[in-house]
Amino acid sequence: QVQLVESGGGLVQAGGSLRLSCAASGGTFRSYVWAWFRQAPGKEREFVATIRWIDSSTTYADSVKGRFTISRDNAENTVYLQMSSLKPEDTAVYYCAARPLMRNTYDYWGQGTQVTVSS
């Protein structure tokens, strides 16, 4: 069974950086798409970034483009989200998710990690 465990959240000042990690286990991931989502208090969950394991192609939400970078480490079965130039509006619980390449819905989710950006 696929399991995802996020880490790396915390409190940071505006303009600072954080790197989130998503460690995956229980499967083989070459045919998967990996994503980061976030949910701020009182708001719906929103897409942040995706990466295709097989070729590392990426997509980003406009709100984070140029500031966030998603990447993966084959050897460690880990996906990262490097966040820079953080803003208070980036404050949210960040979730890692995964789905097989040919599916449209994300089957696997982590427990989430809190990111708080102070002004």
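**Strand pairing, a disulfide and a buried arginine**

Strands β9 and β11 run antiparallel and are joined by three bridges. Here, strands (E, at least two residues) and helices (H or I, at least four) are DSSP runs, numbered from the N terminus, and two strands count as paired if DSSP finds at least two bridges between them. The model is a predicted one, in which local features need pLDDT of at least 70 and side-chain atom pairs count only at pLDDT 80 or more, while totals for chains, interfaces and linings use all residues. Residues are numbered from 1 along each chain as its sequence is written, and side-chain values use heavy atoms, with hydrogens and water left out.

Strand β11 itself spans residues 113-118 and has two faces: T113, V115 and V117 make up the covered face, whereas Q114, T116 and S118 make up the uncovered one.

A disulfide is a covalent bond between the sulfur atoms of two cysteines; here the term is applied to a pair of cysteine sulfur atoms within 2.5 Å. The structure holds one such link, and it joins C22 to C96 with an S to S distance of 2.1 Å. This pair links distant parts of the chain, as C22 belongs to strand β3 (residues 18-25) and C96 to strand β9 (residues 92-100), 74 residues apart. The link of C22 and C96 is left-handed, with -75° about the S-S bond. Is C22 buried or exposed? With a 1.4 Å probe and protein chains only, buried means under 20% relative accessible area, exposed means over 50%, and partly exposed lies in between. C22 counts as buried because its relative accessibility is 0%, and C96 is buried too, with a relative accessible area of 0%.

R67 is buried, since its relative accessible area is 12%. Its side chain makes a polar contact of 2.8 Å with the side chain of D90. Such a contact is a pair of N or O atoms within 3.5 Å; within protein, one must be able to donate a hydrogen and the other to accept it, and residues adjacent in sequence count only if both atoms are side-chain atoms. A polar atom of the R67 side chain also lies 2.9 Å from the backbone oxygen of S63.
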